[in-house]
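Subject: A structure for you to look at

Hi there,

Here is the structure I promised to send over. Have a look at it first, and then read on for what turned up.

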Amino acid sequence: MFFMVNVDELRKKFTESLQNAADSRDIEALRVEYLGKKGSVTELLKGMKDLAGEEKKEFGQQVNILKNEIAEAVSRKVTEMQQAAVKREIESMPEFDLTAPPTLDRGSYHPITLVQRECEEVFRSMGFTVEDYAEIVTDYECFESLNIPKHHPARDMQDTYYLTNGQLLKSQTSAAQNAIYKKYRKALVEEGKPIKAVFPGRCFRNETTDACHENTFFQMEGVMVDKDISISNLIFFMKTMLSEVFKKDIRVRLRPGFFPFVEPGFELDISCLICGGEGCPSCKHSGWLELCPCGMIHPEVLKAGGIDPEEYTGFAFGLGMTRLAMMKYGIADIRDLNSGDLRRLSQFTQDC
């Protein structure tokens, strides 16, 4: 039948053209030429109007078979070309001596990573567990469970990044406190094991940046809950951590501070190590750097975590790891830590 001749001729023509295709552009041109809206296969179908019923049905089937054959052939050819290209690239690579010593720069750890790991080891040595927590949290986790109800003025202390679904980028590592209390309260109540945990993480605030403020920074939250916990326990752990990180005695001061989730609340400051306490942009020319907001956990926060504040007390702190890294490595401007400038960062870090 005449239409079978047309199909066979088109199949033969396509096969020859495919064999002569040199690259992926030729393959794509062939695909369009045969399978496009104005392609050869589409043109074949226009002859169906002159055929009788049975011939029209058979003709349509043959054209569909041809169409599928062309599509599969194009796909195979593309795969073959890609595999051939990979093979050529591998064969063109120079010989590699596995016994040769490494000569490439392997990179180095970021100063904040080093400080975080050091702090984690210090707290582990004192019986704390190290927890991880999400960067995107709910309003309840970040505020309501921390004794900061909706529309409370205390929320103005933090310029928060809210998402369209009502969640937010956590503005403080304290957002994990509620989950930590609920995770360990059974062991606290039934087994008498104190809750001792630190949870480092990245925080976000829509703040104006300067030498000591960034919109993205790192904190390490820490909590301890048990019977008869007092401020003296908090001071002991803070001094121990600082002496281990700096390997020397550091001048500190504890002054009153307001945070809705602790009562009483304090600001733990250290003498600025950039200027030696004389005053500089890093410490706002005060000679002191706010390093660790802390205090005794507010009873309402313990209640939200399912812990009876009449029976248990605890302390919480939010150690500023970004500022700690600044003091440890003598980095005068906090913005250098997020700059990605390897010339600046590599001088403070250790090889991987």
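**What was found**

At 72% relative accessibility, aspartate 228 counts as exposed (exposed is over 50% relative accessible area, buried under 20%, and partly exposed in between, with a 1.4 Å probe and protein chains only). Before going further, a word on the ground rules: this is a predicted model, where local features need pLDDT of at least 70, side-chain atom pairs count only at pLDDT 80 or more, and totals for chains, interfaces and linings use all residues. Residues are numbered from 1 along each chain as its sequence is written, and side-chain values use heavy atoms, leaving out hydrogens and water.

Aspartate 228 sits in the loop between strand E5 (216-226) and helix H8 (231-246); helices (H or I, at least four residues) and strands (E, at least two) are DSSP runs, numbered from the N terminus. Histidine 285 also has a positive phi, of about 60°, and is not a glycine. Its place is the loop between E7 and strand E8 (288-297), and histidine 285 is exposed at 58% relative accessible area. Proline 264 belongs to strand E7 (residues 262-271).

**Two helices side by side**

The axes of helix H2 (residues 24-35) and H4 come within 10 Å and cross at roughly 175°. Axes here are lines fitted to C-alpha atoms, for helices over the stretch in contact, and angles run from 0 to 180 degrees between N-to-C directions.

**Two buried residues**

Methionine 327 lies in helix H10 (residues 321-329) and is buried, with a relative accessible area of 4%. Not counting residues up to four places away in sequence, methionine 327 touches Phe246, Ile270, Cys272, Leu273, Ile274 and Leu289. Arginine 155, in the loop between helix H6 (139-142) and strand E3 (168-169), is buried too, at 13%. Leaving aside neighbours within four places in sequence, arginine 155 is in contact with residues including Asp139, Glu144 and Tyr162.

**Salt bridges**

Which residue does lysine 328 meet in a salt bridge? The partner is glutamate 118, at 3.5 Å, N to O; a salt bridge is a side-chain nitrogen of Lys or Arg within 4 Å of a carboxyl oxygen of Asp or Glu. This pair links distant parts of the chain, with lysine 328 in helix H10 and glutamate 118 in helix H5 (residues 111-125), 210 residues apart. Lysine 328 is partly exposed, with a relative accessible area of 26%.

Arginine 335 pairs with aspartate 333, their closest N and O atoms being 2.8 Å apart. Arginine 335 is partly exposed at 34%, whereas aspartate 333 is buried at 19%. Asp8, Arg11 and Glu69 are linked in a network of salt bridges. By the rule above, the count comes to 17 salt bridges.

Key
Contact means heavy atoms within 4.5 Å.
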